[in-house]
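Please read the following note with the structure open beside you, and check each point against the residues as you go.

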Amino acid sequence: TVAFKSFIMYYSGGDIGDPSESAARKAVERWSAAGLPPDPLLRKAVWDFVLRRVAEVARREGKALHFHVGAEGHEGVIGRPFDFYPFIYSQAGTPIVLMHVGMPWIRETGYLAATFPHVHLDLSEISLWAPGQLDEILTTLVGWVSTTQVLYGSDMCVEPEQAWLAAGFVRPALERVLSVYIERDLLTEAEASRAAAGILAGNVRRVHGL
């Protein structure tokens, strides 16, 4: 196990509460009595309680927490990154990875990463499904967020060719973006090289102890 991964923002939102065990038990009873329907309100206290316990384990074991964040909502729920702010604040010291850069709220996730050093942004999904936006997205992130907090990802979840395709999109886009920063004297060539090595591999290894 290198990390714990949650879809909670897609199913009950990002405003993670901190219910007591008794409140969670009562919520389980209500949800069960209703037949366990896909109702965010009925299950929210249950899922929030479980997530808080998982976060405790992650902190104790030194593991990262991964959260799918963005517009891929399910059952009427969309988790915006800013909804997540109080929970992120409460988890200082535990690496948190916001998947898919919170697309389309890239500036929100960028702000969270710029504010909290334990927050990292993952490029998966956009690396495959938004190749025409990669230069713009990377320009925003490199200009605002520490490059040590940006993680490459392919979102390869079906065919292995997706890993090759995503790399073919991201690597040249990153080279173009970093070249512009070099031309503007905002980065030296050595700094850009280190940033690229970190984004493409080093940051993931460091965050997950690989």
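**Notes on the sheet, the helices and the salt bridges**

1. Ile-96 stands opposite Val-119 in strand β6, and Val-97 stands opposite His-120 in β6. The model is a predicted one, in which local features need pLDDT of at least 70 and side-chain atom pairs count only at pLDDT 80 or more, while totals for chains, interfaces and linings use all residues. Residues are numbered from 1 along each chain as its sequence is written, and side-chain values use heavy atoms, with hydrogens and water left out.

2. These facing residues belong to the pairing of strand β5 (residues 96-99) with strand β6 (residues 119-122), which runs in the parallel sense over 3 bridges. Two strands are said to pair if DSSP finds at least two bridges between them, and the elements themselves are DSSP runs numbered from the N terminus, with helices (H or I) of at least four residues and strands (E) of at least two. Strands of a sheet pair through backbone hydrogen bonds, either parallel or antiparallel.

3. The open sheet is formed by 5 strands in the order β1-β2-β5-β6-β7, with parallel pairing. Strands β1 (3-6) and β7 (150-151) stand at the edges with a single partner strand each, so one side of each is left without a neighbour in the sheet.

4. Helix α5 lies across β5 and β6, and runs at about 145° to β6; the axes are lines fitted to C-alpha atoms, for helices over the stretch in contact, and angles run from 0 to 180 degrees between N-to-C directions. In α5, the residues Ile-106, Glu-108, Thr-109, Gly-110, Leu-112 and Ala-113 are buried, and the buried residues of this helix pack against α4 (85-90), β5, β6 and α7 (134-144). Contact means heavy atoms within 4.5 Å.

5. Ser-6 is found in strand β1 and counts as buried because its relative accessibility is 13%. Leaving aside residues up to four places away in sequence, Ser-6 touches Leu-51, His-66, Phe-67 and His-68.

6. Ala-173, in helix α8 (residues 161-183), is buried, with a relative accessible area of 0%. Not counting residues up to four places away in sequence, Ala-173 touches Leu-134, Asp-135 and Leu-138.

7. How many salt bridges does the structure hold? There are 7, a salt bridge being a side-chain nitrogen of Lys or Arg within 4 Å of a carboxyl oxygen of Asp or Glu. In one of them, the side chains of Asp-135 and Arg-176 meet at 2.8 Å, N to O. This pair links distant parts of the chain, with Asp-135 in helix α7 and Arg-176 in helix α8, 41 residues apart. Asp-135 counts as partly exposed because its relative accessibility is 26%, and Arg-176 is partly exposed at 42%.

8. Lys-44 forms a salt bridge with Asp-48, the closest N and O atoms being 2.9 Å apart. Both residues lie in helix α3 (residues 40-61), 4 residues apart, or about one turn of the helix, and both Lys-44 and Asp-48 are buried.

Definitions and conventions
Buried means under 20% relative accessible area, exposed over 50%, partly exposed in between (1.4 Å probe, protein chains only).
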